[in-house]
Amino acid sequence: MSKPFVLHAALLTLLLAACRPDATGSGTAVAASSQAQPPSWRVVLLGDESRKNVLRECVARNVCPAGSETAFVLPPPQATAAQTADTAQQAALGVLVVDPAIGPLPVTREHIVVARQADVPALAVLFTQSDALDDKDLLELEIMEIRDLLNSYEMDGEHARIYVGDQGLQQLLADAAALAPRPQPSAPLADSRSLHGYIYNLSRAEGGHALSAGDSMDIWIGGQTVRCKLVSPQSVADGETPEVRLETEKPLAAAAGQRFLLQQNGRLIAAGVVEDAE
């Protein structure tokens, strides 16, 4: 993991901790859309592309019971950051699927940010294809790296459950069955069109870029995705953590302390916290 990424991740955690009393990653969302919420899923599979096949292949090899796939939900194919957040906000647990021979990919890091902003209570890790690793020390290094990565976003990497290979997947299925559905907040909020808050603008290496006043983007917050524009400051360099004001094209339900995502062309560019909504 590169030093610039560690620095940026640390800045993000400081930003979120400063703006929200519950910075442990264990709380539920402060607010939700006034619209009806879809069913609450227990576990969402995130991380690299192997997440799409891991359960299906496990069932096909008679390692996992038939029908195991129904215990989990995946973001839609080619999901935007907002669509991934829509799925994640229903989950009581997020599971990052990682190939230990490759390690965390950029999408893994993006999904950690998305899960945090969607207030997923906890993240676990499923390492696939562990049997292909002859060097068990390498697996241990991968486990240390993913724990450090989760810690950098205050997602409790030290205590995150780590599942390895088929045996780990079987244990994950058992643990998933014991999870209670995540409670969904139901209280409607006043509609707002102007948000004041703080963001972490992703670095260029992470897929972010400099922003200027007047730039249009999508904001995701509490299951709502609307178009918005940056009103202030005049410019935001990639990797910065500034105070910002955003104006939305349509009213949305928002409240102080709520986390949000910003995306352009479906890709995550920034994460932030609402200071106040008008």
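The paragraphs below go from the whole chain to an open sheet with its helices, then to a hairpin and a disulfide.

This is a predicted model, in which local features need pLDDT of at least 70 and side-chain atom pairs count only at pLDDT 80 or more, while totals for chains, interfaces and linings use all residues. Residues are numbered from 1 along each chain as its sequence is written, and side-chain values use heavy atoms, with hydrogens and water left out.

The protein has six helices and 13 strands, where helices (H or I, at least four residues) and strands (E, at least two) are DSSP runs numbered from the N terminus. Of its 278 residues, 50% count as buried, a term that stands for under 20% relative accessible area, with exposed meaning over 50% and partly exposed in between (1.4 Å probe, protein chains only).

Five strands form an open sheet in the order β2-β1-β3-β4-β5, with parallel pairing; two strands pair if DSSP finds at least two bridges between them. Because β2 (72-73) and β5 (162-164) stand at the edges with a single partner strand each, one side of each is left without a neighbour in the sheet. The partner β4 (residues 123-127) is joined to β5 by three bridges, and Phe127 stands opposite Val164 in β5. Helix α5 (residues 136-152) lies across β3 (93-98), β4 and β5, running at about 160° to β4, whereas helix α6 (residues 165-178) lies across β1 (43-47), β2, β3, β4 and β5, at about 135° to β5. Such angles run from 0 to 180 degrees between N-to-C directions, with axes fitted to C-alpha atoms, for helices over the stretch in contact, and contact means heavy atoms within 4.5 Å.

Six bridges join β8 to the antiparallel strand β9 (residues 224-232), and the two form a hairpin with two residues between them, where Gly222 in the turn has a positive phi of about 55°. Met217 stands opposite Cys228 in β9, and Cys228 counts as buried because its relative accessibility is 2%. Strand β8 is also joined by three bridges to β12 (residues 259-264), again antiparallel, and there the bridge partner of Asp218 is Gln263.

The structure holds one disulfide, defined as a pair of cysteine sulfur atoms within 2.5 Å. This disulfide joins Cys58 to Cys64, with an S to S distance of 1.8 Å, and both cysteines are buried. The torsion about their S-S bond is about 70°, so the disulfide is right-handed.
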